[in-house]
Amino acid sequence: MYPSKAAVEVIQLGRISYGRALQVQQLYVRRHLDSKDKLHNALLLCEHPPVYTIGIRQALYPFEEEQRLKLLGAEFFRSNRGGLITFHGPGQLVCYPILNLGCFKKSVRWYVCELERTVINLCRKYGIRASTSPNTGVWVGDNKICAIGIHCGRYITSHGLALNCNTDMGWFENIVPCGIVGKGVTSLSQELGRDVSIEESIPPLLETFSDQFDCTLHHGEYSNNE
């Protein structure tokens with residue numbers, strides 16, 4: 001029997017390469033799968049050096065496109081998350097929830113909606129009116145402020161959300177973000193007309209995540225020996 005409120009460990013990874021972050025995610029996924037009697041829900045927070053990533057619909061991105069983006073000074077990764085191409089980089093808060101949905105609700109649709117509501121409520125704290133759209137993610141008008149792309153296997157989640165705090169928007173000009181033509185991107189800093197750092201945005205994100213998922217958060221530390 002699970003407790004009434006799930007416990008989630010918050011792990012701050014700092015700036016970490018996308019490839020290394022994939023490995024860390026898999027370590028935490030494996031903790032869920034290997035343990036029969038302990039719960040290992042975790043929220044991995046980090047920031048990446050410039051990188052373009054694509055999801056499971058990879059056919060649109062041939063080798064030539066990959067090379068073009070790499071020549072811009074970014075890495076390029078093909079991953080098993082949902083969604084099309086996006087950018088991660090400095091000034092963007094990336095959040096990877098590694099959750100057993102059995103502790104919450106066994107519904108991927110519900111889970112994605114809760115992630116969206118978490119960010120919408122964060123934006124509300126800043127006085128920004130954000131919303132969902134027929135396209136996944138969180139939007140301010142026609143501009144995406146937070147991309148969401150997840151993977152879920154055996155009800156264990158990985159990948160997650162990327163919130164633009166004070167990101168250099170120029171990186172997005174080299175792609176069609178998430179494959180959505182005619183839409184733009186924005187950030188907390190751009191909407192507020194002042195600098196909003198990752199460090200500033202973490203506390204309100206944790207607060208809204210805790211409220212939305214009705215869970216208790218406790219801070220932990222990542223060990224390279226995991």
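**Helix packing: H3 and H5**

How close do the axes of H3 and H5 come, and at what angle do they cross? The axes come within 9 Å and cross at roughly 135°. Axes here are lines fitted to C-alpha atoms, for helices over the stretch in contact, with angles from 0 to 180 degrees between N-to-C directions. That angle makes H3 oblique to H5; angles under 35 degrees count as roughly parallel, over 145 as roughly antiparallel, 65 to 115 as roughly perpendicular and the rest as oblique.

This is a predicted model, in which local features need pLDDT of at least 70 and side-chain atom pairs count only at pLDDT 80 or more, while totals for chains, interfaces and linings use all residues. Residues are numbered from 1 along each chain as its sequence is written, and side-chain values use heavy atoms, without hydrogens or water.

H3 contributes residues including Trp110, Tyr111, Glu114, Leu115 and Thr118. H5 contributes, among them, Pro204, Leu205, Phe209 and Phe213. Contact means heavy atoms within 4.5 Å. The residues of this contact divide into eight nonpolar, five polar and four charged. Ala, Val, Leu, Ile, Met, Phe, Trp, Tyr, Cys and Pro count as nonpolar, Asp, Glu, Lys and Arg as charged, and the others, Gly among them, as polar.

**Nonpolar cores**

The largest nonpolar core has 40 residues. Such a core is a set of buried Ala, Val, Leu, Ile, Met, Phe, Trp, Tyr and Cys residues joined through side-chain atoms within 4.5 Å. Leu45, Phe104, Leu163, Leu188 and Phe213 have the most contacts inside it. Elements giving two or more residues include strand S1 (6-15), strand S8 (143-153), helix H3 (108-125) and helix H5 (198-213). Helices (H or I, at least four residues) and strands (E, at least two) are DSSP runs, numbered from the N terminus. H3 gives the most, with eight residues.

Phe213 touches Leu99, Phe104 and Trp110, among others beyond four places in sequence. A second, separate core of 19 residues includes Val24, Leu44, Val51 and Tyr222.

**Loop residues**

Asp214 sits in the loop between H5 and strand S11 (215-220). At 40% relative accessibility, Asp214 is partly exposed; buried means under 20% relative accessible area, exposed over 50%, partly exposed in between (1.4 Å probe, protein chains only). Leaving aside neighbours within four places in sequence, Asp214 contacts Lys5, Ala6 and Phe209.

Most residues other than glycine have a negative phi. Arg154 has a positive phi of about 55°, and Tyr155 one of about 65°. Arg154 is exposed at 64%, whereas Tyr155 is partly exposed at 36%.
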